[in-house]
Structure formats: C-alpha cells, structure tokens
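Hi,

Here's the model I promised to pass on.

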Amino acid sequence: MRLESEGFDVVVPPGWEVRVSRQTENLHGGASTPVLHAATFALPEERGDYGSGCVEIMGPEDVFVSLLEFGDEAVHSALFPPGELPRSIDPQAFRTNGMQRWMPGQSAYQKFFTEGDRAFCLYVVIGDHSRRVALARTVRSLLLSIRLQPVAPPGAM
Amino acid sequence: MTVLVIAEGVVILLLGLLVAGLLRSHAEILRKLHELGASIEEHPPSQPDLDFSPNVVSPRSDTTPGHDVGGVTPTDEAIAVSISGARHRTLVAFLSSGCLTCSAFWEAFAADQPAGLEGIRLVIVTKDRTEESPSRIRSLAPHGHPVVMSNDAWSDYLVPGSPYFVLVDGPTNRVIGEGSASSWDQLRNLMQQALADDSAPRRSHRRRARATAERDARDEAALAAAGIGPGDPSLYENPEEPEEPDV
C-alpha cells in the first residue's frame, strides 16, 4: 500500500501502520508542520508528536517511528545539518536515556537533518533494548520505504 | 309481464354471480395475507417462517482474505491501517452517513468501550469524499477509533452495501466472521458466535494433544512397572510372529 501526503511518499511495509498529519505542538511557534508516525502496532488516535500515548502501549517486539518536519527557519540551521534520512540505524546507537520520557526496557534514537531544503527530526523507539539488533532490522524495513519529496519551488502548482 | 319477470331473474342471477366472485376474491386475499403472516387473528402465530429485515444487506458475492486499509481520515490525515498480519483481530465496519441502520452503529461505537469489543480493534471505513462529506463523517466519528475514508477498501472487501462488518484474524489473515446487522446487540451476538466457532477447532486439537500425552504417560508407567525400560528387546518383537519351535 502506498501513502503519499505532505511530501512523504511511503510504500507501507506489511505489518506497519502509518499516519501522516500535522504536528500538535510547534516548539518554534511557527505554522503547524507535518509529522509521519509509523508503528508495528495499532497506533492510538491520541498521539503526541514524539509518541506519547504510543510508547506506553507498545510491546517488546514493537517499534515506533516519528518523522517530524520543522519550519523554514530550521532548514540548514546548526541543529539541522545537511544530511539524509538514515536508511538503517546502528543498533548501538539506541540509548535507554534517549527517550522523551523513560520507559522500562525501551530505548530510542534521534537524528536531526536537512534533506532537500526540508528540516526533519527522526525519532525512533524500540520496545526492548536487549533486542536492538533485530528491532533495528525492523526499523530499516520502514526507513527504506520512505521517500522525502523535495519542496516545490515558489509559485509552482 | 313475463318479459319483466325474466329480466328481473337475469339481473338477480348476475348480482348473485357478482357477490360470489367478490366473496371468492376476498377469501383469496385473506388466504394470501395469512400466508404472509399478517393474520387477522388477535394473537398472531408466535414465529413467522421468514424474518424479513429490510435494513440488512445480503452477504458478499465472494469471500476475500483480510486487506490492509488505506485512505484519509475525516480530519484529512493520510492513514494506512494494518489488518492483514496484525497481531490482533480487527472488526472492519463499513458504514455510511446516510443509511438509517448505520446510525445505530455510529451511536454504539461512540461509547467509551463498547461491550463486546474486548481484544478486538474497531476500524470504521466509509466511502471517500467523492461520495461522503468529511464534515458529516467527522461529526459522526466516534472518539478513539480510526475512521478511514476509502473507496478502495470497499472494493477490496467486495462490500455489498452498508452497514457491513468483516471480522479479520490478523495473524492468520482469515475472515472469521462477516455480515450485516440491524443493531449492535445483533452484531455482537454474531461476532461472539464467529469467535466461538473459530476457537472450537483449536480447543479440540489441544484436547486431543493432551489426551495423547496422558495416554503415553500411562503406557510408560505400565511398561516400567513390568520391568520394561527404554531399549528393551521385547519392544521390538513382532507379536504376530510365531515363536520358533524348540529343536
């Protein structure tokens, strides 16, 4: 199944659930920007941008991914250097203290980058840090399926 | 005078035939009404032969496996819901904003935790914005359950009309129950029946496995009591083979 919305183009891998919406919070006070949520479990209707409402219900074999876009002011800023959406994550890069809110057994990975003049934060939570090698492979199956479409030039329809 | 009497007789005969015809027609109507269950008796028969439920949709023309559902929500989010291969069961409810019967389900699903949905995820699917108004669906959408507007999902599941429900077992990707209903109570009963039917073979298999294990344990104990242990040569003799005569 293919999902195209807000400049995200995703060929949803089997067993994954994906939602693309507008962020509920905007730390920079700008216009609401898109966010992609993906999970290997049923995504709840009420979700925080960084997975609150999701990480509480995910099981040890589950993965939650949030890909948040930030406004123009963030593009190529110090926090969002030029880069690309990672296609795989080193299992050792997951940190139990990298969570927005500590959850027993879980760990997280976070990366800020600018790709195609769009600034993003990739935030990934795995359900069991001790299974990070296998779960990193699961994450890879989703990351490989995402294409970030470039920003349309001004005036383009 | 004679002519007048004959004419009067003919008229009376014709009127008699007319009355007889009317009585016969009346009797025919009563008989047909009785057959349809609309008896003029004060206490009608307790159970008619057929239960016509005009608001219930006929079953699908063919069966399908479970399909993931993708589309947009009434709040314009893009959404892809995992059903096939999910670790849970999903009740896919195909509803519309216009059908009268659907309104009972929109209301039932609006309850915080509709009884009967324990362990089952509810996903509501409507037609897309070419046939439904997102604002109308938004006003009906229950809190806490995904609502997907997707014409593809209706095609994938060969849905004959609304309301229609498909219960999918994610791990096996099988449709374990489906159909239409006129109320949530009716649907809940159908679901419970489908779940019971689905679990019966597995229970039976478990019972058989347990019985086999118990029988094996009994046999082992009886052999041990007779002094026959693993590898004993007597275990490999053919009881049908005649013993060789002593020479």
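Starting with chain A: 52% of its 157 residues count as buried, where buried means under 20% relative accessible area, exposed over 50% and partly exposed in between, with a 1.4 Å probe and protein chains only. Before you read on, this is a predicted model, where local features need pLDDT of at least 70, side-chain atom pairs count only at pLDDT 80 or more, and totals for chains, interfaces and linings use all residues. Residues are numbered from 1 along each chain as its sequence is written, chains are lettered from A and ligands numbered from 1 in the order in which they are written, and side-chain values use heavy atoms, leaving out hydrogens and water.

Chain A has one helix and eight strands (DSSP runs numbered from the N terminus: helices are H or I, at least four residues; strands are E, at least two). Along the sequence they run β-β-β-β-β-β-β-α-β. Of the contacts (heavy atoms within 4.5 Å) in chain A with a separation of 6 or more, 61% come from residues 24 or more positions apart.

A:Ser21 counts as buried because its relative accessibility is 10%. Leaving aside residues up to four places away in sequence, A:Ser21 touches A:Thr33, A:Pro34, A:Val35, A:Arg47 and B:Glu77.

Over in chain B, helix H2 (residues 100–109) has B:Thr101, B:Cys102, B:Phe105, B:Trp106, B:Ala108 and B:Phe109 as its buried residues. Seen down the axis of H2(B), they fall within an arc of 165°, so they line one face of the helix (the arc is that of the directions from the helix axis to the C-beta atoms). Exposed B:Leu100 and B:Glu107 sit on the face of H2(B) turned away from the buried side.

Cheers
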